[in-house]
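Please view the sequence and the structure first.

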Amino acid sequence: MLPKVQPLAASGDQAVLHPHWQQDDHLIAILADNARRFPDRVALRERDRGIWQEYSWQDYLEQVLSFAAGLEQLGIQPEDNLLVIGDNRPALYFGMLGAIALRAVPSPAYPDTVPEELAGQLKRESIRYALAEDLEQVDKLLQIREQYPELGTIIYDDPRGLAGKEPPGVIAYTDVVARGRERLARESGLREDLLRRATAHDVAVLLHSSGTTGTPKGIPLKHGHILAAVRSAAEAGYFEEGEVHMAYLPMAWVGDFIFSVGAALVLRFTVNIPEGQETAFHDLREIAPTLFFCSPRAWSNMLTRIQVGMDESTGLKRWLYRYFMPFAIELERRRLEGQAPTAGERLKRAIGEILIYGPIKDHLGLARVRHPYTAGEAIGEDVFLFFRALGLNLRQFYGQTENCALAAAQSADEIKLHTVGRPFPGLEVKIADNGEILMRGENVFDGYYQHPEATAETLRDGWLHTGDAGYMEDDGQLVVLGRVSEVVHTAGGERYIPTYIENRLKFSHYIKDACILGSGRDYLAAIVCIDLQAVGHWAQENGVPYTSYADLSQRPEVIGLIAGVIERTNTVLPEAQRIRRFVNLHKEFDPDDGEVTRTRKLRRNVIDEHYKAIIDAIYAGADEIEFEAQITYETGESGVLKRTLAIRDLAVEEA
Amino acid sequence: MFYRLSGIHHTRYESARQLWPIPMDRWQIYVLLALGLAAPLLFSGLYLTSYLLPWLIMSAAALSLTLLMGIAGQLHFGFAAVMAIGAYSSIHLVRAGVPFELALLGAGAIAAVIGSVFGAAALRVKGLYLVMATLAMQYLVDWTIINVPAISGGAQATLQTPAVRFLFMPLASDVSRYYLALGWVVLVTLLILNIKRTSLGRALVAVRDKDFAAAVIGVDTVKYKLLAFFTSSFLGGVTGAVLAFCYYRAVTPEQFTFNVSIQLVAMVLVGGLGSVLGAYLGAGFVLLVPIVLTNVVAFLAGAGWLSVSTNLLAHIPLMVYGALIIGFLLFEPLGLAKIYDNIRNYFLVWPFRHSRS
């Protein structure tokens, strides 16, 4: 048990908690140091009406200090929380650091938070000051203020629709800065005082858990946590000094604070802020960053855009693409398996770089990216291989808000698709008996905001209980399977997470749905629903005749195809979790039959009940089963359909 | 494939509006400029003086005309007359003792004044009627030059250009004359490129697209039409003087007949109305393609692959040339410059078909 869970306890106790932290090693000191050593280097760029407005480190510090001086005049106290809401804007970054300089705590919120949720956050954290991007956010806050009059001061950035007719208590960011500048000119010594107030043990930012289960919990991260996380990641080579970074992800997400503020200060990034969310990808091309992060879904969307673009491209270009792209993907696949390309292949790759890979990267704005990352969920093999084949060293990393988002990442030269790589130096990782991933290190937070029960549950003896299940591979790479709450056991006591294996199977576009069986059984098996479009297309190309979905699913060629997919997935699974048998279902899981929810999440109990005969046959060792299917017609009537389904065994080679 | 656009960003509007923001375009310009400067080293005297030099000067003439026809939309079928005024003015000015540099400006000014007088017709008439008005200028100027001995030196006379110095350099060698022509065409090119992105250029385009609509939005059409004639005639006059001093080195009225006017119009049309690049391509096409075709046909006939009468042989190049012009205009009505633009776009969006926004 950790006795000191209150994040805002006196700093004397904190020094005991983190003996390695230097008192004066904090974000503001680093900012001042940058401004002193590199006054003219560009720290921040914002695209405004088509051109990029630049702020040097000197300007950055000036804005932060002026805002801090102005904000103090408005009466903010240390340990007060400052709501920050809006899209990425320089003023909001300056504002956050200004508050930090006063030892106040910025509490960012997602710009699309609805008023009720926002009101909850304001009340829970007794927020009296807010920094909002524009009229929309100010309106939202004014509406909340009617029930929550404590919210006394709202500072806005974008003057459109607000300047000149501010309601009481609403003030422009520029006015606060102007007042602060006046104070700085008037009061000698204030500047040095502001630079010295913060300490490494102060909370730098108050972030929030997603709140999918109950109300969001506040997660205070201290200067020391953030610096430890950034430095250990930099030490492991995950970013370098002077990266060009694009700040387009929400400011309330932990990654943005770590990348755009923490790492940006420590490693002197140039942070680029797009004109708006809609223009982010256009602006990306203008900047061509060297460090780029986006979610697996966004990478996947990017791939779709390329494929659609190539499909409608002209003959020669399309021919070249179809010649060079599969080659590069195959080459990359073999490279990940440890085969070095031959000299001829390298030459062909170089020609492809000029003709196809380079231009595509140029179009995406990723021509200069040295560190492309993804995190958050598993990325599909196709997507992952495609971008790696383009020559982007795409890597996955893993982390939670509680450990500053930086816990583990794949290293540049050892990529295994199913792992998230090795933990960062200085971070201890172990697997609990129930399979949960535990972590301890300087970047692990000290407890939830005013929530001792949750803290006691998550932090035990300094070990962060991530709630994720996983295991360590023999070479020290961490595999994340899914949430601990989803773990299932086989009869032999083997732990596995069905959704993890199912998602791996579904990375193949031939498989639409899959249901992994094995709870309380001897081994794992799968019920597979093929994707009619993809498999149908495959059948056409390979001359496999079929009449219907049910017919197609039982063609020996198709069963062979699916067996191949499963066998490939099996190679990345631990031996006991490999799929031994599977059956191709004669129909898709259907929400009308209650087998999946409307959002296509499996309802396992319904599937177990509907297909009990099939499941029993699989585990009885039968080679096929004659199955009487209950089907519900769209008119609401139900009927019975008799089908013979083949059950295939899969060779599981010994690892 | 060759174009790389990522990483190009601007911190000021001035740089966002520069002529060639894309590095690949800039490289093309550098290469062309270097070729132009190194041409005396690369080509023999014959190629320099009988191909490259007239091409550059006629490009300058086509640029002057494209300002009027392509950008301001005022048809002009008597541009050779404007050049004739410039050529004769410069010679008479130099003979009267005016320094060559000032004589060039004077030639431009006289051509501009006379050109604007005839251009004043454009205030009243448009389209075919303007063509007639400018044709009248062509014939009036031709007649005046031939019939006023003070200008032409007599009905069949040829006026030799006196020896001159330009900025203290004697204009005595082919190479020095080449560089003067190159300097002039570069100057005209930069001028037209910049006119296109100024308020003057936008006003002219507005007048071209619909003059009364332009008047409604506050463009003074009288002023801008006259300004277009004035500027274009000034440039045409100086080009005529450069043509006389650098290429012909002697002037006769036959050098500036109606045929030349039609050739100039053809250059502008084949190259692409209003396009700077088009002026170069059009001038090159109109001047050089007939020569190339004649040589090709002569070669084929010499090798015995083309056995036709000598009479027909002389006409085949003309027939092919005519067919080529029609072909190009059918294939791409917006001219050679548009063909270049299409090719550039093909590579600009490579490997996609459209630019993605």
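Helices (H or I, at least four residues) and strands (E, at least two) are DSSP runs, numbered from the N terminus. The model is predicted: local features need pLDDT of at least 70 and side-chain atom pairs count only at pLDDT 80 or more, while totals for chains, interfaces and linings use all residues. Residues are numbered from 1 along each chain as its sequence is written, and chains are lettered from A and ligands numbered from 1 in the order in which they are written.

**Domains and cores**
- Chain A is divided into domain 1 (38-198) and domain 2 (487-649), with bounds from an automatic or database domain assignment.
- The centres of these two domains of chain A, taken over C-alpha atoms, are separated by 54 Å.
- A residue is buried if 20 or more other C-beta atoms lie within 10 Å of its own, exposed if 12 or fewer, and partly exposed in between, with C-beta atoms placed from the backbone.
- A nonpolar core is a set of buried Ala, Val, Leu, Ile, Met, Phe, Trp, Tyr and Cys residues joined through C-beta atoms within 7 Å.
- The largest nonpolar core has 190 residues, and A:Ala130, A:Ile258 and A:Ala526 have the most contacts inside it.
- Domain 1 and domain 2 of chain A both give residues to this core, so it lies between them.
- Another core, of 87 residues, lies apart from it and includes B:Phe245 and B:Leu336.

**Helices of chain A**
- In helix 6 (residues 135-145) of chain A, the buried residues are A:Gln137, A:Val138, A:Lys140, A:Leu141, A:Ile144 and A:Arg145.
- These residues fall within an arc of 160° seen down the axis of helix 6 of chain A, so they line one face of the helix; the arc is that of the directions from the helix axis to the C-beta atoms.
- In helix 3 of chain A, 13 of the 17 residues are buried, so the helix is largely enclosed by the rest of the structure.
- A:Gly75, with a positive phi near 100°, follows helix 3 of chain A.

**Contact between chains**
- 27 residues of chain A are in contact (C-beta atoms, placed from the backbone, within 7 Å) with 18 residues of chain B.

**Backbone angles**
- Most residues other than glycine have a negative phi, and most peptide bonds are trans.
- B:Leu167, in the loop between strand 2 (165-166) and strand 3 (169-170) of chain B, has a positive phi of about 50°.
- B:Leu167 counts as exposed because it has 10 C-beta neighbours inside 10 Å.
- B:Trp350 and B:Pro351 are joined by a cis peptide bond, with omega about 0°.

Key: Contact = placed C-beta atoms within 7 Å.
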